[in-house]
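This report describes selected features of the structure shown below.

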Amino acid sequence: MALKTESFALNIGPLHPSTHGVFRMRAVLDGEVIANMEPVFGYLHRGIEKLAEERTYTGVIPLTDRLDYLASMSNNLAYVLAVEKLAEISAPERATYLRVILAELQRIASHLIAVGAFVNDCGAFFTPFLYMFREREKILDLFEMLSGQRLLYNYMRIGGFNQDIPDEFLPALQKFVSQMPGFIDEYDRLLAENEILLARTKGVGILPQDLAVNISASGPVLRASGVKWDIRKADPYCGYDRFEFDIPTGTAGDCYDRYRVRIEEMRQSLRIIEQAMKQLPSGAVKSTVPYLVRPPAGEAYAHIEAPKGELGFYLVSDNSIAPYRCHIRAPSLINLTALRDMTVGWKVADLIVIFGSIDITMGEVDR
Amino acid sequence: MKFEHFGTGIIKGLAVTLRHLFRKPITTQYPEQKLTTSRRARGNELVWDITKCTACGTCAKACPQGVIRIVTSAKPVENRYVVEKFEVDTGYCIFCGLCVEACPFQSLLMGYSYERAKYRRHEVVHTNEMLLPSAKRPASGYMYPKLAKALPPQTLLIERDEVKG
Amino acid sequence: MVLNPGLGMEYHWQALPPDWPGNFWWHWLAFSVIILAFVLGLVMGFIWLERRGIGRFQIRLGPNRTGPFGLLQPIADAVKVLLKENIVPAAADKIVHWLAPLVAFVPTLMIFAVVPFQDGALLADLNVGVLYIVAISSISTVGIFMAGWSSSNKYSLLAAMRDVATVVSYEIPVVLSLAGVVLLAGSLSLNQIVMAQDIPFILLQPLAFLLFFIAASAEINRTPFDLLEADSELVAGFHIEYSGMKFALFYLTEYAEALAVSAIIATLFLGGWRGPVLPPWLWFVGKVVAVFSVMFWIRSTLPRVRIDQLMALAWKFLLPLALINLVVTAVQVLAWPEASLWAMVPVNVAIMAALVVTWSRLLKLGGGRVEV
């Protein structure tokens, strides 16, 4: 006997505990199953691209902090690289190495939140989340030591850094790097083989390889689908070609692979940091750059492998002190485009898990 | 989708959480216990050295938010401009520190204190004397390594949390 | 093998109270007060224990501001929640919305009528005690469904549906795993079952204990089966539209159910009030707290399962194992030599391990993507 059923629309967000900010998903549900899903964004739009046109090249750096506020250092790096490309400035060697160290530390911090929040979305009662926040806290301590703030660092400058690292930084970093692998092993013991987590994430929300490439996904989301694509290898910046590291990839492209890729990337980041610390040269951290940079008219695009994917800054200069146009290629937004294809047919609970596994920051999606 | 390891993973996870039960909590009970902030802390409020300021206005130009307002008198005294009004609207300030970096005469510093919340909106606008350094509003070592050396070292979680997993 | 030789009706009534003036009425009054105090007091204690305990599991401190060690925190929370505005959604079914917390709470309280605090110290030594518990405990589901339905909120409706599905499925493994204990003890009365436990039944019936623990956790919606409050999906589930005292009643129900399950486990599997040296009631409370501690230890560790996996676990894992356990127990009760009861312990543990391992290999949890 076929019962008459009726689907209904359910608004998930913008005020919902697991939308990682103010994201809204208008889901059409058939019982518990998602029949259709429409993402709605724009609740956190602040017009950063437009604001950037009114500020000096240096004055935009604090704005980039506020894009992906869980990875401010990476945003700074991407923007600064774009301006340096545009104005044909090169940073000193020491600054380049420091940038690598900081970007990789930032990647660990961002992945810790990504994994923690993802497991929280799976329903764990904050325990992995808090364990990971503990380690992130240590990274934030280091960043605070360098830049004076814990979230919005504003530390990188065009042509280097605004000030050199303090003496106590490297010992503390050394201690962190030696401790961290033990903690990652602990997360693995806590989560990697957990049957419930496996049941919730294995085979769930598969992003096929061709779809991932077609939507130009990047970062762990792309790599979990089995594509070995990492800008640090494909188009090395900041001398990433001098370091030895692997690109972890997944096979199935499901939520579990995305989680595993992030955990493995943390280990690789630690490897890079160790190498960079050994090779760190002394010298200046900033090349001589006029306070008001006036790049020649033209355009430049610089991209880095941010924790969430390819973060690119496209800058157009008209030879004035402010960018004529600043466009941001935000990985969160582009990775989100496959959300509908990944979720339709799964259950409400899976929707949250899949959404959490993409790891977005609304500050970057809406800009 | 199987119970791949018939519950061993769950038991391992339970062991991890059980071990954490015997670790020292990392909580800092804020109002009573306070962590020392970074020596370069970009704390609330700017600190202004009136004797060194020449009212050149570089800080005001560097500010991305347009928060700093300087009014100088037209009549110089002892061959210097006299600052009539140096106003910082900390309500709009984003504490990026660009003004401190820009100051060529080392007369503008970031504050080291934090708990500076106010009850009224007009109180967040600081003018002249309110910006001067005092015991309550020390200056931080942001961009000034010599000042930073004098400040107490930052408390790091990594120093406290010794237990390895 | 019979664990309670000479167990008849005569003995049964001996356990009842002495001839107090007013006969049973005083007994009932006294025990009603005791049960209320026990439930409310221990629920407060549980809330405190869980918050502090989970805090320590998560290397935090937990609430420690109100009173010594934060002991007054539940009271402060209760006062806060009492003073809150009672908000009823405009489109709600007002009467049902009002009635739901009561319907959920009262049956939970009624479970404790048959739980013995020490020998004979219980409100009513029903000779169908286990059956009574099983029957009464499922009524609070009606209250939860009423709450979910009457709130006229899609989240709470989803949660209510999930709860009904859960309880309908999990009642069966609960009853079947309890049947093993009943077979072994030869009585349905909880007091008699405690009397029969010279060896705690957790050792004689390890599989039944495991199944009952899982199924009961699912029925009272403790993590990893807290689907109907799933805060990451359904925000707060069935009580999303409740505030003030009505919310407090649901909160109370949740912990009272956890207390009830802990008490039942302590009684049926851990030997209830029996134990050396300490007074019996203290043994009982200690065992209850120990069982509850395991519950929040699990809560602090595990993620949540999905609704179809929850169903699959009930029907494909718990139910067959419970049936097998029942058969094995029946054979053992008939054929096992009474003298070598301790020898049954390793045998049953081995049976449990073998069954769990083989069945986990066979089990396939839930389906994948549904074409819509």
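## Chain A as a whole

What percentage of the 367 residues of chain A count as buried? The share is 69%, where buried means under 20% relative accessible area, exposed over 50%, and partly exposed in between (1.4 Å probe, protein chains only). The model is predicted, so local features need pLDDT of at least 70 and side-chain atom pairs count only at pLDDT 80 or more, whereas totals for chains, interfaces and linings use all residues. Residues are numbered from 1 along each chain as its sequence is written, chains are lettered from A and ligands numbered from 1 in the order in which they are written, and side-chain values use heavy atoms, with hydrogens and water left out.

Chain A contains 15 helices and eight strands; helices (H or I, at least four residues) and strands (E, at least two) are DSSP runs, numbered from the N terminus. Its C-alpha trace extends over about 80 × 45 × 35 Å along the principal axes. The radius of gyration of chain A is 21 Å, which agrees with the value near 21 Å that a compact globule of 367 residues would have. This radius is taken over C-alpha atoms, and the globule rule is 2.2 Å times the number of residues to the power 0.38.

Where residues of chain A at least 6 apart in sequence are in contact, 72% of the contacts join residues at least 24 apart; contact means heavy atoms within 4.5 Å. Accessible areas come from the Shrake-Rupley method with a 1.4 Å probe, and for residues only the protein chains shown count as cover.

Chain A carries 39 positive and 46 negative side chains, and the centres of these two sets are 2 Å apart. Lys and Arg count as positive and Asp and Glu as negative, while His and the chain ends are not counted. The place of a charge is NZ of Lys, CZ of Arg, CG of Asp or CD of Glu.

## A:His303 and its surroundings

A:His303 lies in strand 6 (residues 298–306) of chain A. Because its relative accessible area is 17%, A:His303 is buried. With which side chains does the side chain of A:His303 make polar contacts? One partner is A:Asp235, at 2.7 Å, and another is A:Glu310, at 2.8 Å. A polar contact is a pair of N or O atoms within 3.5 Å; within protein, one must be able to donate a hydrogen and the other to accept it, and residues adjacent in sequence count only if both atoms are side-chain atoms.

When neighbours within four places in sequence are left aside, A:His303 is in contact with A:Ile231, A:Asp235, A:Tyr237, A:Glu310, A:Leu311 and A:Gly312.

## Helix 14 of chain A

Helix 14 (residues 348–358) of chain A is mostly covered, with 11 of its 11 residues buried. Among them are A:Val348, A:Asp350, A:Phe355 and A:Ser357. An α-helix has 3.6 residues a turn, so residues three or four places apart point the same way. Helix 14 of chain A is followed by A:Asp359, which has a positive phi near 65°.

## Loop residues in chains A and B

A:Thr288 is placed in the loop between helix 11 (255–279) and strand 6 of chain A. Its relative accessibility is 84%, so A:Thr288 counts as exposed. A:Thr288 and A:Ile89 are 199 residues apart in sequence, yet their C-alpha atoms are 9.0 Å apart in space.

A:Asn319 is not a glycine, although its phi is positive, about 65°. This residue belongs to the loop between strand 7 (309–317) and strand 8 (325–329) of chain A, and A:Asn319 is partly exposed, with a relative accessible area of 41%. In chain B, B:Gln106 occupies the loop between helix 3 (98–102) and strand 4 (108–111). B:Gln106 has a positive phi near 55° and counts as partly exposed at 45% relative accessibility.

## Chain C as a whole

Chain C has 14 helices and zero strands. Buried residues make up 56% of its 372 residues, and its C-alpha atoms fill a box of roughly 65 × 65 × 40 Å along the principal axes. The accessible surface of chain C is about 15,000 Å², of which 75% belongs to carbon and sulfur atoms. The mean positions of its 21 positive and 22 negative charges are 12 Å apart.
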